Amino acid sequence: MSNTPMAASPLTRAVLEIDEYVSGFGWDQAARLFALVDTARLRTQEPVLAAQLGLADASEATSGLTPIEQEEIPAGRPLDEFLGTIAWPDAVAGCALTVERLMLPPSAETQVPQGLTGKKLTRWVAEHPDRQEVRMTVAVLRDGTRESAVRLREKDSPTEVLTGPELVPGLAEALSATFAD
């Protein structure tokens, strides 16, 4: 993709590529799951698929990861439950998930009314004046390497995307678990 920095690691480039791709659909989207495959291996082992994805030209960088979007995540099923059902074939080097959520600043934690859980807590967060709508793209590799990108709806621009390996640790752990034996 045109806006992904060339100096970044292959995983960071993949996360930013996915973020840019998903941003093209606008906001209020369902979660999306991606397999991450080694681009050079894909060209060698699946040349037809590589050609369909526009990766047939071996003169381009041969190192890197190619995101391949998976089938839709079932609506109405809790994300953690769904992730617990995933097993990846050996050809998949990693995976990524993009999801939109409401986020509150850390200062709001002290304001949460006692005993508020489930739908009532969700409603409280949705009505909080300091809430932020965010799109999080989290990726992990089999070796445990992780990367995340967070985009605020309020600052919806490719130049305003925050990246880092520990931005969404819970989701990264859940994705890593999809590679556990």
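This is a predicted model: local features need pLDDT of at least 70, side-chain atom pairs count only at pLDDT 80 or more; totals for chains, interfaces and linings use all residues.

The pairing belongs to a set of seven bridges between β4, residues 132-141, and β5, residues 146-152, and the two strands run antiparallel.

What packs on the sheet alongside that pair? Helix α1, residues 10-23, does, and it touches β1 (32-38), β2, β3 (94-103), β4, β5 and β6. The direction of α1 makes about 30° with that of β5.

Now the sheet as a whole. The order is β2-β1-β3-β4-β5-β6, six strands in an open sheet with antiparallel pairing. At the edges stand β2 (65-69) and β6 (162-164); each has a single partner strand, so one side of each is left without a neighbour in the sheet. From one strand to the next, the twist averages 20°.

Going through the other pairings, β1 and β2 are antiparallel over five bridges. Ala-35 has Ile-68 in β2 as its bridge partner. β1 is also joined to β3 by five bridges, again antiparallel. There, Phe-34 stands opposite Ala-96 in β3, and Leu-36 stands opposite Gly-94 in β3. Between β3 and β4 there are 10 bridges, and these strands run antiparallel too. An example is Leu-102, which stands opposite Glu-133 in β4.

A reminder on strands: in a regular strand, side chains alternate between the two faces of the sheet.

How covered are these strands? For β1, six of its seven residues are buried, so to speak mostly covered. For β3, seven of the 10 residues are buried, so the strand is largely enclosed by the rest of the structure.

Back to α1. The helix has 14 residues and reaches 20 Å from its first C-alpha to its last, close to the 20 Å expected at 1.5 Å a residue. Of those 14 residues, 10 are buried, so α1 is largely enclosed by the rest of the structure. The buried ones are Leu-11, Thr-12, Arg-13, Ala-14, Val-15, Leu-16, Ile-18, Asp-19, Glu-20 and Val-22. Note that Arg-13, Asp-19 and Glu-20 are in that list. What do the buried residues of α1 pack against? They pack against β1, β2, β3, β4, β5 and β6.

The other helix to look at is α6, residues 169-176. It lies across β3, β4 and β5, and runs at about 35° to β4.

Which residues does Leu-175 contact, leaving aside neighbours within four places in sequence? They are Leu-83, Cys-95, Ala-96, Leu-97, Val-138, Ala-139 and Val-140.

Last topic, the aromatics. A search of the whole structure gives three aromatic pairs. One is Tyr-21 with Phe-34, an edge-to-face pair at 6.1 Å centre to centre and 85° between the planes. Tyr-21 is in helix α1 and Phe-34 in strand β1, so the pair ties together parts that are 13 residues apart in sequence. Is Tyr-21 buried or partly exposed? Tyr-21 has 32% relative accessibility and counts as partly exposed. Phe-34, at 3%, counts as buried.

Trp-88 and Phe-179 make another pair: the ring centres are 6.2 Å apart and the planes are at 25°, so the pair is stacked. Trp-88 sits in the loop between α4 and β3, and Phe-179 in the segment after α6, 91 residues apart, so to describe this pair one says that it links distant parts of the chain. Both Trp-88 and Phe-179 are buried.

Key
Residues are numbered from 1 along each chain as its sequence is written. Side-chain values use heavy atoms; hydrogens and water are left out. Two strands pair if DSSP finds at least two bridges between them. Helices (H or I, at least four residues) and strands (E, at least two) are DSSP runs, numbered from the N terminus. Axes are lines fitted to C-alpha atoms, for helices over the stretch in contact, and angles run from 0 to 180 degrees between N-to-C directions. Contact means heavy atoms within 4.5 Å. Buried means under 20% relative accessible area, exposed over 50%, partly exposed in between (1.4 Å probe, protein chains only). The expected span of a helix is 1.5 Å times one less than its number of residues. Rings of Phe, Tyr and Trp (its six-membered ring) pair if their centres lie within 6.5 Å; planes under 30 degrees apart count as stacked, over 60 as edge-to-face and the rest as tilted.
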